[in-house]
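Welcome! Take a moment to look over the sequence and the model, and then let us walk through a few of its features together.

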Amino acid sequence: MLCDVTIDGRSYRLELNRAEGRWACRLDGRELEVDAVLARPDVLSLRIGNSAYEIKSERVADELHLWVGRRRFAVEVRDPRSLRGRGRAGVDDGPKKLIAPMPGRVVRLLVREGDAVELGAGVAVVEAMKMQNEIKSPKQGRVQKIFVSEGVAVNAGDVLAIVD
Amino acid sequence: MFKKILIANRGEIAVRVLRACHEMGIAAVVVYSDVDRAALHVRKADEAYPIGPAAATESYLNIPKILDVARRSGADAIHPGYGFLSENAKFAQACADAGVKFIGPTAAAMEAMGSKTRARQAMEKAGVPLVPGTSRGVESQQEAEEVAARIGYPVMLKAAAGGGGKGMRLVHSVDQLKSFLEAARSEAQRSFGDGEVYIEKAIVNPRHIEMQVLADEHGNTVYLGERECSLQRRHQKVVEEAPSPIVDAEMRRRMGEVAVRVAQSAAYTNAGTVEFLVDQERNFYFLEMNTRLQVEHPVTELVTGLDLVHLQIRIAAGEKLPFAQQDVQIRGHAIECRIYAEDPDNNYFPSPGKITLLLSPSGPGIRRDSGMYEGWQVPLDYDPLLAKLIGYGADREQAIARLTRALGEYFVGGIKTNISLFRRILRDAEFRAAKLDTGFLDRMLKRSEDEDGDAGAADVAAIAAGVFAVLDSAKTAGSGNGGSEPAGAHSTWKTSGRREGLR
């Protein structure tokens, strides 16, 4: 098979075929000797030449992460014939969302809708695992909308407020 | 000896105590809240009783419910672990009243030590060196300002009933005092049900060194050497080691003797820890006594060869200490890492969730006390401590080398952990030189991380990604079509298409 692999933003062209237990591999045109054993789900024992690696795979929210040694890589595998690209929201000067970084409970709101906030000013306090964390404004501006109230439970990724 | 012990706790410490029970031929009874039915301590127990909702106040902190389980199960003793009810004198008294042995000190000893302000008063009398400050809670903002002005900024606000950094604030100026006092009070009230807050002079960048003591119920008290606990974040210990690199035999003896005096002044029994602040001239000041087993007790166990939980149980059963002070020998070096469910890339925010993959280290000189397992959902209702990894070696260097090696083997997938933080600490030049103080971690985290550059790793990841995709599609094809042929491009793209669709 032929695929485009994106590793932390850099793209590779990978050609990989398996026949009778043997792998044929070409990475950006370089031919490499590859041998792989899936030791258990999400754990791959990989040999490239005679170098040996244990690769761990982890799905985090909507991303696939592979660990090589102590390093983690965000990975994307695409069919080069597919025209679909992943639309990424670019850097935006407009309204910014305030996201809950972990599941927890909103214990305090430090601002009201319409308040002016500085970059880094506390907007809400979320408590999880007995630890209170201040969620800070991602930009200087005005609190356009608050979506939560004190006492409610939130999940990681939930939008708490919008600052414009 | 006891026949059955109730463990009034959860997580790794419940498992630790349960193991000691089984080693001693004692049945282990556990309790669990609604979100802990699948917890490891329940899986390993001989008997398990539900005690209510996730909120600790309605389960692990609920004295009547726990005593009811003791009665129904016929347990003859209760081990409280650390945290929760472990330093609650009312609970110790309620156990005594119910005829169940509390494995720990008496309610009276706990009361003398449990409140940090009362402990200070007792220590003043016993002639134990103290950090300047108030020996009672401050009543008003005005009083706080007066005290702070007298002893000089910076000052530390502390919850009288506190521990674990809750209700604690470092105050640099009178401007900060008002809001910090309120915050410390409300946090103390929330965490401990007691809003009393007192003031101490803040010793800048001290070391935090503590002395383990053990006292039987026949008047024998010994010290088991110190633990260096200077590596902290938000006043939470992160790495502990024994012995302390700056404590020599003579200093150990002096600290140990003060610790024994502290314990004896309160007629203390069972295991306890006397905490000291140590300044740059190696002067030590009594900070507080923790009237329970400490999280970091394994480092002491490794360098003394003693099992503190076994000894706690024997002492509670009325046995005499099986050794004297001169028999206690410190051998080798041990370092503990507290593995927390925290996201290092997001300011170490808690990161609960499901553990999708768990690879655990083992091998020479490695001990792992863990409360997690693969497939387990880490609840968001409790402390984020998942496990403790402890390395032991003939000396500090070997302990560091083994721990570093073991951290490389440790992998927790699906949630974020602070494992990478320990790799950074252990290779830090200052850490290796044992230049430790309580400001160490904050300073280290401010420095940018030196990436150990491995240019080839990204190539390896690219190949691995492709291999995973091929194997995935082969699996899909195998189960879907009943065919054994490696998948062609078509099904591969079905798989990755499905993956795309999930985004």
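**A walk through chains A and B**

In chain A, the domain assignment gives domain 1 (2-78) and domain 2 (96-163). The centres of domain 1 of chain A and domain 2 of chain A, taken over C-alpha atoms, are separated by 39 Å. Please keep in mind as you look that this is a predicted model.

Now let us turn to chain B and its strand β1, residues 4-7. One partner of β1(B) is strand β2 of chain B, residues 27-32: the two run parallel and are joined by four bridges. To find this pairing on your screen, look for B:K4, which stands opposite B:A27 in β2(B). Between these strands, the chain passes from β1(B) through helix α1 of chain B, residues 11-23, and on to β2(B). This β-α-β crossover is right-handed.

β1(B) also pairs with strand β4 of chain B, residues 77-79, again in the parallel sense, over three bridges. Here B:L6 is a handy guide, as B:L6 stands opposite B:I78 in β4(B).

Finally, let us see where the chains meet. On one side are 40 residues of chain B, in contact with 46 residues of chain A. On the side of chain B that touches chain A, two or more residues come from each of β16 (349-350), β22 (411-413), α13 (419-427), α16 (457-481) and α17 (489-502) of chain B. Of these, α16(B) gives the largest share, with 15 residues.

Key:
Residues numbered from 1 in each chain as written. Chains lettered and ligands numbered in written order. Predicted model: local features only at pLDDT ≥ 70, side-chain atom pairs only at ≥ 80, totals over all residues. Pairing = 2+ DSSP bridges. Right-handed = clockwise from strand over helix to strand, strands pointing away. Contact = placed C-beta atoms within 7 Å. Domains from an automatic or database assignment.
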